[in-house]
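Trainee: Before we discuss this protein, may we look at its sequence and structure together?

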Amino acid sequence: MPYVNIQVTREGGPDGTGPSAEQKAQLISGVTGLLQDVLGKSPATTFVVISEVPLEDWGIGGLPVQEYRRQVQLRQD
């Protein structure tokens with residue numbers, strides 16, 4: 001009984017507030033199909049949960065993601 005938790009930030013998507021319902025359905029279908037194809041897991045017992053996280057609650061490299069992105073952009077300029 002696989003359980004997959006996908007965490008994404010609330011950005012992007014069609015209105016800028018995260019993935020649309022259609023995109024989430026694609027993620028669920030794709031992950032379920034992958035587990036079936038690679039590991040032989042039954043879709044009937046595969047659970048996929050998508051959690052949306054506010055951008056300010058996400059960090060990379062010890063920094064809030066927005067600050068991390070600013071620093072990366074400065075290095076590229």
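This is a predicted model: local features need pLDDT of at least 70, side-chain atom pairs count only at pLDDT 80 or more; totals for chains, interfaces and linings use all residues.

Mentor: Residues are numbered from 1 along each chain as its sequence is written, and side-chain values use heavy atoms, with hydrogens and water left out.

Trainee: In which sense do strand S1 and S2 pair, and over how many bridges?

Mentor: Helices (H or I, at least four residues) and strands (E, at least two) are DSSP runs, numbered from the N terminus. Two strands pair if DSSP finds at least two bridges between them. For S1 (residues 3–9) and S2, the sense is parallel and the count is seven bridges.

Trainee: Which residue in S2 stands opposite Val8, and what is the handedness of the unit made by S1, H1 and S2?

Mentor: Opposite Val8 stands Glu52. A crossover is right-handed if, with the strands pointing away from the viewer, the path from the first strand over the helix to the second runs clockwise. S1, H1 and S2 make a β-α-β unit that is right-handed.

Trainee: Is Thr46 buried or exposed, and which backbone oxygen does its side chain reach?

Mentor: Thr46 lies in the loop between helix H1 (21–39) and strand S2 (47–53). Its relative accessible area is 10%, so Thr46 is buried (under 20%; exposed is over 50%, partly exposed in between, with a 1.4 Å probe and protein chains only). At 2.8 Å, the side chain of Thr46 reaches the backbone oxygen of Ser42.

Trainee: With which residues is Thr46 in contact, leaving aside its neighbours within four places in sequence?

Mentor: Contact means heavy atoms within 4.5 Å. With those neighbours left aside, the residues in contact with Thr46 are Pro2, Thr32, Leu35 and Lys41.

Trainee: With which side chain does the side chain of Thr9 make a polar contact?

Mentor: Thr9 is found in strand S1, and Thr9 is buried because its relative accessible area is 14%. A polar contact is a pair of N or O atoms within 3.5 Å; within protein, one must be able to donate a hydrogen and the other to accept it, and residues adjacent in sequence count only if both atoms are side-chain atoms. At 2.8 Å, the partner of the Thr9 side chain is the side chain of Glu11.

Trainee: With which residue does Glu11 form a salt bridge?

Mentor: A salt bridge is a side-chain nitrogen of Lys or Arg within 4 Å of a carboxyl oxygen of Asp or Glu. The closest N and O atoms are 2.7 Å apart in the bridge between Glu11 and Arg69. This pair links distant parts of the chain, 58 residues apart: Glu11 lies in the loop between S1 and H1, and Arg69 in helix H2 (residues 65–76). The partner of Glu11 is Arg69.

Trainee: What is the N to O distance in the salt bridge of Glu52 and Lys24?

Mentor: Glu52 is partly exposed at 24%, and Lys24 is partly exposed at 23%. The side chains of Glu52 and Lys24 meet at an N to O distance of 2.5 Å.

Trainee: Where do Arg70 and Glu67 lie, and how many salt bridges does a search of the whole structure find?

Mentor: The closest N and O atoms of the Arg70 and Glu67 salt bridge are 3.2 Å apart. Both residues lie in helix H2, three residues apart, about one turn of the helix. For the whole structure, the number of salt bridges found is three.
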